[in-house]
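Please keep the sequence and the model in view while you read.

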Amino acid sequence: MRALDMRAKIPAAVAAVALLVAGLLFYVMRGGSGYEPYTGPPASPGTPAAEPARTLNIALNTEPSDYPRLRELGYDLVDVKPDAASVDGVPDGMRAMLWVGNFTCGDFELSYEALTEAVRRLARHPKVYGWYLSDEPNPRECPRIAGEIRRRADLIEREAPGQISFISLTDWPMKPVTPDKVNVDLVGLDPYPCKGSARVRSRCDIGAIDRMIRMADDAGIPRRVVVPVFQTFGQGCSKGDRQYWLPTETQLRQILHRWDRLVPRPPMDIAYSWGHQEQWACPTLADASGGSHPDLQSIMKARNTR
């Protein structure tokens, strides 16, 4: 029986080796990343509002020392913690987006009780624009997250009706966290097209933007509440999975052009990221002023101040 078992296993082992070799060849041909560009249908063009408001601009992960340069580049929102000193430190002409959220299925920055105190304390502060409630919530892995976001958005609507609530979504299930389900005002979408390597490649997967917009459309998220999140980071000097590169100037213009076609004149847009994040983002827009990096800052300044 053992000899028979061994003979039966030989063809299976040969097939397994062949499959492994084929997979390795595919991996190499794909550039070692395993990332496949989007090849589905494009998203339909967006329609600007009859009387669109001016788009507000924010670059995430900033410090007070960054504010003068951000203002030069036309940014009028900054992300800060929900304390009076941080909000008071926002320069005139800029307003604050308060980070109080969670990432994916993690803990929230503030308990519900602490959030209640912060909202009541800052509800009428003239420099508060809104509250960032969750970053890439994943209702498949944590089904209760939608209810918790709703509870927090309801609190803001009740206690601070002049301020907005915001979440940012990625390509996880969106239907449980649409604005009508969780009562948020604005929803960010963050496809990052320059993916598959930490080294610059000739093309970004611009179709990834269409893919995520189609997901949002299918989930029932209105285009008028969509906030584009622009990729202004790479992972060449990060400690993360090193699967993204900082776009070139041409590639950033392609990203912006596609967003303009799909979500013209949004209420807000986001550049991720300005500051470094050890695991996720390095280099970033803060580095991209020319020289050893592309001059993405000039592109964003022209856009923000047009």
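Cys105 is partly exposed, as its relative accessible area is 36%; the class partly exposed sits between buried (under 20% relative accessible area) and exposed (over 50%), with a 1.4 Å probe and protein chains only. The model is predicted: local features need pLDDT of at least 70, side-chain atom pairs count only at pLDDT 80 or more, and totals for chains, interfaces and linings use all residues. Residues are numbered from 1 along each chain as its sequence is written, and side-chain values use heavy atoms, with hydrogens and water left out.

**Confidence**
- The average pLDDT of the protein is 91, and 89% of the residues score at least 70; pLDDT is the predictor's confidence in each residue, from 0 to 100.
- Residues 1-32 have a pLDDT below 50, and this stretch has ten contacts in the model beyond near neighbours in sequence; a contact means heavy atoms within 4.5 Å.

**Disulfide count and pairing**
- The count comes to three disulfides, a disulfide being a pair of cysteine sulfur atoms within 2.5 Å.
- With the bonded cysteines numbered in sequence order, the pairing runs 1-2, 3-4, 5-6.

**Cys105 and Cys142**
- The sulfur atoms of this disulfide, Cys105 to Cys142, are 2.1 Å apart.
- The link of Cys105 and Cys142 is left-handed, with -80 degrees about the S-S bond.
- Cys105 is in the loop between β3 (95-99) and α4 (112-122), and Cys142 is in the loop between β4 (128-135) and α5 (145-159); the two are 37 residues apart.
- Helices (H or I, at least four residues) and strands (E, at least two) are DSSP runs, numbered from the N terminus.
- Cys142 is buried, because its relative accessible area is 14%.

**Cys194 and Cys204**
- Cys194 is joined to Cys204 by a disulfide, S to S 2.1 Å.
- The torsion about the S-S bond of Cys194 and Cys204 is about 90 degrees, so this disulfide is right-handed.
- Both cysteines, Cys194 and Cys204, lie in the loop between β6 (186-189) and α7 (207-219), ten residues apart.
- Cys194 and Cys204 are both buried.

**Cys237 and Cys282**
- Cys237 is joined to Cys282, S to S 1.9 Å.
- This link of Cys237 and Cys282 is left-handed, with -95 degrees about the S-S bond.
- Cys237 sits in the loop between β7 (226-231) and α8 (249-262), and Cys282 in the loop between β8 (268-272) and α9 (296-304), so the pair ties together parts 45 residues apart in sequence.
- Cys237 counts as partly exposed because its relative accessibility is 46%.
- Cys282 counts as buried because its relative accessibility is 8%.
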